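Subject: Structure handover

Dear colleague,

Here is the structure for your files. My notes on what was found in it follow below.

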Amino acid sequence: MTKLIFNGWGRAGKSCAALKSTPKRSGSNAKPRPDPLPIDDIASLPSGPDILGRVIVPFPPAALSPNARGHWSKKARAAKPYRYWCMVMALKARLKVPAYAGTDGKIAVRLDFFPPDRTSRDDDNVYGSFKAGRDGIADAMKCDDGRFQTTNVLHDEPRSCVVVTLIAPDCELV
């Protein structure tokens, strides 16, 4: 018989003895994200002389979602390689701080999120899950991500990627 105790959050919880006898669950059975699809045919992405740089990175892992439950170390284990991967992709794309930003000015960035499937998503959670990727891109540019002035766009079309575009500050965005 499990002894119930009050845990201080308005509901009954298991006692310490009952928790020790509970078998541990194995890791999550989440499917891996599909590889990103090409974006060449998307007309809604900014183009022309206002584009100062662009990199396409994979969609953030589900473990990085602000709504993900679990121990903080699970999120850290997912964030570190994702941050590194985004940094490598930005270095490969040769992203640099635009000349108009100088050494401490704001950098105009547009983030286009293309989810891996047609599942409905909260836009604020998608943006929050990209924090590690944003840090990795800032690492590659050798600047603080607090300088980024972002415009976030969540698309319905599944392509499993995030398109990071450096734009001119006065660029009209769709």
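How do α2 and α4 lie to each other: parallel or oblique? This is a predicted model, in which local features need pLDDT of at least 70 and side-chain atom pairs count only at pLDDT 80 or more, while totals for chains, interfaces and linings use all residues. Residues are numbered from 1 along each chain as its sequence is written, and side-chain values use heavy atoms, with hydrogens and water left out.

The helix pair

The axes of α2 and α4 come within 7 Å and cross at roughly 40°. Axes here are lines fitted to C-alpha atoms, for helices over the stretch in contact, with angles from 0 to 180 degrees between N-to-C directions. α2 and α4 are therefore oblique to each other (under 35 degrees counts as roughly parallel, over 145 as roughly antiparallel, 65 to 115 as roughly perpendicular, the rest as oblique). Helices (H or I, at least four residues) and strands (E, at least two) are DSSP runs, numbered from the N terminus.

Residues of α2, including Y82, C86 and M87, meet residues of α4, including G136, I137 and A140; contact means heavy atoms within 4.5 Å.

Burial of α4

Eight of the eleven residues of α4 are buried, so this helix is largely enclosed by the rest of the structure. Buried means under 20% relative accessible area, exposed over 50%, and partly exposed in between (1.4 Å probe, protein chains only). The buried residues of α4 pack against β3, α2, β4, β5 (148-154) and β6. After α4 comes K142, with a positive phi near 55°.

The cores

The largest nonpolar core holds 26 residues, and F130 and I137 have the most contacts inside it. Such a core is a set of buried Ala, Val, Leu, Ile, Met, Phe, Trp, Tyr and Cys residues joined through side-chain atoms within 4.5 Å. Two or more residues each come from β3 (51-58), α2 (72-92), β4 (107-114), α4 (131-141) and β6 (161-167), and α4 gives the largest share, five residues. Beyond four places in sequence, the contacts of F130 include V57, Y82, L111, I137 and V164.

Two loop residues

R94, in the loop between α2 and β4, has a positive phi of about 60° although it is not a glycine. R94 counts as exposed, at 69% relative accessibility. S160 lies in the loop between β5 and β6; this residue is not a glycine either, and its phi is positive, about 60°. S160 is buried, with a relative accessible area of 2%.

Regards
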